[in-house]
Structures are given as C-alpha cells and as structure tokens.
Amino acid sequence: MGTASIHEGVRRMRFSDLLERTEARELTQEGAAELLGVSVRTFQRWAERYEAEGDDGLVDRRMGRRSPRRAPEAELERMLGLFRDKYADFTVKHFHEQLQKRHDYVLGYTVTKLALQAAGLVRKAPKRSAHRKKRPRRPLPGMLLHQDGSRHVWIEGLPAMDLIVTMDDATSEVYSMLLVEEEGTASTFLALGEVIGERGLFCALYTDRGSHYFLTPKAGEKVSKTQQTQVGRALSHLGIEHIAAYSPQARGRSERLFGTLQDRLPKELRLAGIKTVEAANAWLKAHYIAEHNAAFAIKAEQQSTAFVADRHEAWREALCVIEERTVANDNTVAWKGRRLQLPESRLRPHFVRALVRVHEYPDGTVSVFLGPHRLARFSANGQQISPDASQPGSVLGAVKDKPWRARKRASLTAPARAAVETTRVGTEKRASNRTKKPARRADQTAPSMA
C-alpha cells in the first residue's frame, strides 16, 4: 500500500470521528476543519459527499489521474541526463539558468529541483538557522561601495589567484571584477580607477583591514587614524571616506557574493573556454559582469545617484603610488633598484638635489614631477617613454605677472631669460663701436690740470 493510500485511510477515520462530534454539537465545523487542516468549505463538501455516497464519497478523486499540466517525461529525462553528464557540480539554480541559456529548456525551476531530488542527484537543503537582521542598505547608488578580494582556483589548470570585486551597497551591482596574482595596492587602484572613470566619484568605501588598506599599530586593534597607506592617501585626496570592517560578519554582503562567485564563476569560465588571466579579465568585463548583475542586482530604494563626475580627472594622478625622491648628482632618480634619467628641460639646466615626486601607476609606468610639472614618463622597465616638456608659458606666465624687481630675483634658465628679455625696454646692448672709447694716439698727452 502506498503512502497516499495510508494517508487517505487516516483521513477517512479522522473525518468520521470529527463529523460525529459536530453532529453531536461537541465541536463546531470550524474546529473540525482546523483539526483536519482544511478549510471550512472543504469540510462541508466532504460532509455532503459522505452523506450522499458513504465512505466512497471520501475517496480522493485525483488518485490514478494524470495531471494535464504534468511535465513531459522525455524532457525530464533529457534534463537529468544533462545534469549527470555535464553539470553534476552545479547548483540547481545555476543549472536551471544554463539549461535555459544553452539547451532551450522551458520547464520551471521548482519542477527541475523536485525531479533532481527525486532522482537522488541533489540533496534537499538543510533547515536554515534563526533569522538574523541584515544591516539596512544605503538608499542611493554611490553612497557606499564594498571592495574585497577572494583567493580561489578560478581558472582550471592555473594556481589560485585573487579576484578583486567592487560592488554597490544599495543595489549589490558589481562595478568591477578583476583577477590578479595577489591582492595589493596596485589591484586596488586599478579596480577603483575602473569604477571612478566610468561612473564618477563616490562617497565611501568599505573594506577589510588588509595592510594595503590600513595601518594597524597593534594586531587585532583599531586601525590608525593618523598614518595612511597609499590607498588611504588617495581616497582622502579624492574626498572618499574609508571605512574599516572589524569582522567577516560586518562584510556579509561581500562574503555572500564570493560564496556565489566561487560556485559559479569557475564553471562559467570553463564553459567559455577561458584558459588565461588576460582572457578571463577581458571576458569578465565584456560579458560576465552584466549577466551577473541581471541575475542578482536589485533596485535601489531611491531613484537617483550619489556619484559625482570627476571632470578634471583628478583620480588619474591620485590612484597611484606617490613618493618623494632627491635627484642625484648625475641627474637621475632612484626608484625600485633602477635609475631614471631625467631629460633636458626648459625649467632648469639640471635638477640635482631637487626634491621631486615619483608617481607609479597601476600598470607599472612611472612619472617624475617637480611641483605641477611632469619632467618625464618611464615604462615599467625604466625606459623613458617620451620627454614631457612643460607647456610653453606655464612657468613664465607666473613670472611675467610679477613686478620687475621680483622678476629680476627669479631663478630662470637660459631659455626663460631669453623669453623675458623681449619684454624689457631700453635694455638692448649697444653696438661694439659705441661702447668702447676711441684709442689715444701716442703723441697725445694728458690734459693739463692748470
């Protein structure tokens, strides 16, 4: 005897007992219906059928009939075969998405899940723990961004790497996704540059307390409020608040995101035939981020944005490693075991002993600045890219606006002095025959003093 038949026998006995109690006015129909777990109308309908047909009226009339809306057996068998052969390590939701995307599958998610569970290919999910209240989301995109990294074997056949993800708190929309060998300052600048360059400046960034994000004087204690890393300096320069998370639970949205990505992304990369980091980063930007956001991003509470356009593109010179160096006697700058030779400049004959700034960008290129002037650009291996001379008049303009005495005191190079000479009045040199006294003849004598 099947389970359904047993349940039907129990239902008959319970109904008969409860019907007798209602007729004896020991129990109301509402109470009897509640004990059976049915509506009052269903209890009344059963009572009418029992009075008209006896026990036969309580027979489940669905028994032995096939639902006209039942899923086709052939389609279910095809689905089970695909799961066994190609998608055995996928979750049901991810598998269902791939069926719709790649195999013209039209059956619903619930039917698919129940069929997989009935076939023993998927276990039922464990019962959830007690509900925990999540931190409210920010109402506008751009008010708070999360950035985090996760180390995992993302590409089959390659060692574990870090995936750097930047997402919005208001919508869970992913703005940047980047695979690197190891998380650090350069990867952080590269990811932030992608976001700011495309969307603009935002209000705050929420990260863990990694050493490239914060300086922590004592392990396990609060981060320093006075000492900044290169990332902290750049964010402060751009007016972006930097918030430190003190527990994994505080970064719950990032943790849940990486749980999804660790399950899905390696399989998606495998299906796309991705074998290298370069191809993976290009594919993530061109295809996967948009698909992920379409599946998981939500609408913000308010229809506006907190992003602000950086019209002057200040982020380009802020999101880089900046350090000061003193120019050596040979007019070179020491940088990471290399000597960067400074070219000739209109500003000065040389820059020996001058204090300059070195900017190292996320792509490894380097620029040397004196004040606002870029003196030279170098590739990652130390070769000069192009001699970036200052714009004509960028220095002289400030000098020409000063009084003549101030100009006279200004320290100018030979080309600069030549340019200033054209503004002087009455300062041209006389011809050589007018500046020298005529020579005396030998027979001439000195004039008498008498």
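Trainee: Which residue with a positive phi follows H5?
Mentor: Helices (DSSP runs of H or I, at least four residues) and strands (runs of E, at least two) are numbered from the N terminus. Helix H5 covers residues 92–102. The residue after H5 has a phi near 55°, and it is Asp104.

Trainee: What kind of model is this?
Mentor: Residues are numbered from 1 along each chain as its sequence is written, and side-chain values use heavy atoms, leaving out hydrogens and water. Local features need pLDDT of at least 70, side-chain atom pairs count only at pLDDT 80 or more, and totals for chains, interfaces and linings use all residues; this is a predicted model.

Trainee: How are H5 and H6 oriented to each other, parallel or oblique?
Mentor: Their axes (lines fitted to C-alpha atoms over the stretch in contact, with angles from 0 to 180 degrees between N-to-C directions) lie 10 Å apart at an angle of about 120°. Under 35 degrees counts as roughly parallel, over 145 as roughly antiparallel, 65 to 115 as roughly perpendicular and the rest as oblique. The pair is therefore oblique.

Trainee: Which residues of H6 meet H5?
Mentor: Contact here means heavy atoms within 4.5 Å. From H5 come Val92, Lys93, Phe95 and His96. Their partners in H6 are Tyr109, Thr112, Lys113 and Leu116.

Trainee: Which helices are among the cover of the buried residues of H5?
Mentor: Buried means under 20% relative accessible area, exposed over 50% and partly exposed in between, using a 1.4 Å probe and protein chains only. In H5, the buried residues are Val92, His94, Phe95, His96, Gln98 and Leu99. Their cover includes helix H4 (73–85), H6 and helix H9 (252–271).

Trainee: Is Asn331 buried or exposed?
Mentor: Asn331 sits in the loop between strand S6 (321–326) and strand S7 (332–335). Its phi is positive, about 65°, although it is not a glycine. Most residues other than glycine have a negative phi. With a relative accessible area of 13%, Asn331 is buried.

Trainee: What is the relative accessible area of Glu313?
Mentor: Glu313 is found in the loop between helix H10 (277–296) and helix H11 (315–318). Phi of Glu313 is near 50°, a positive value. Glu313 is partly exposed, and its relative accessible area is 38%.

Trainee: How many disulfides are there?
Mentor: A disulfide is a pair of cysteine sulfur atoms within 2.5 Å. Cys203 is partly exposed, at 37% relative accessible area, whereas Cys320 is buried, at 0%. By the sulfur rule, the number of disulfides is zero.
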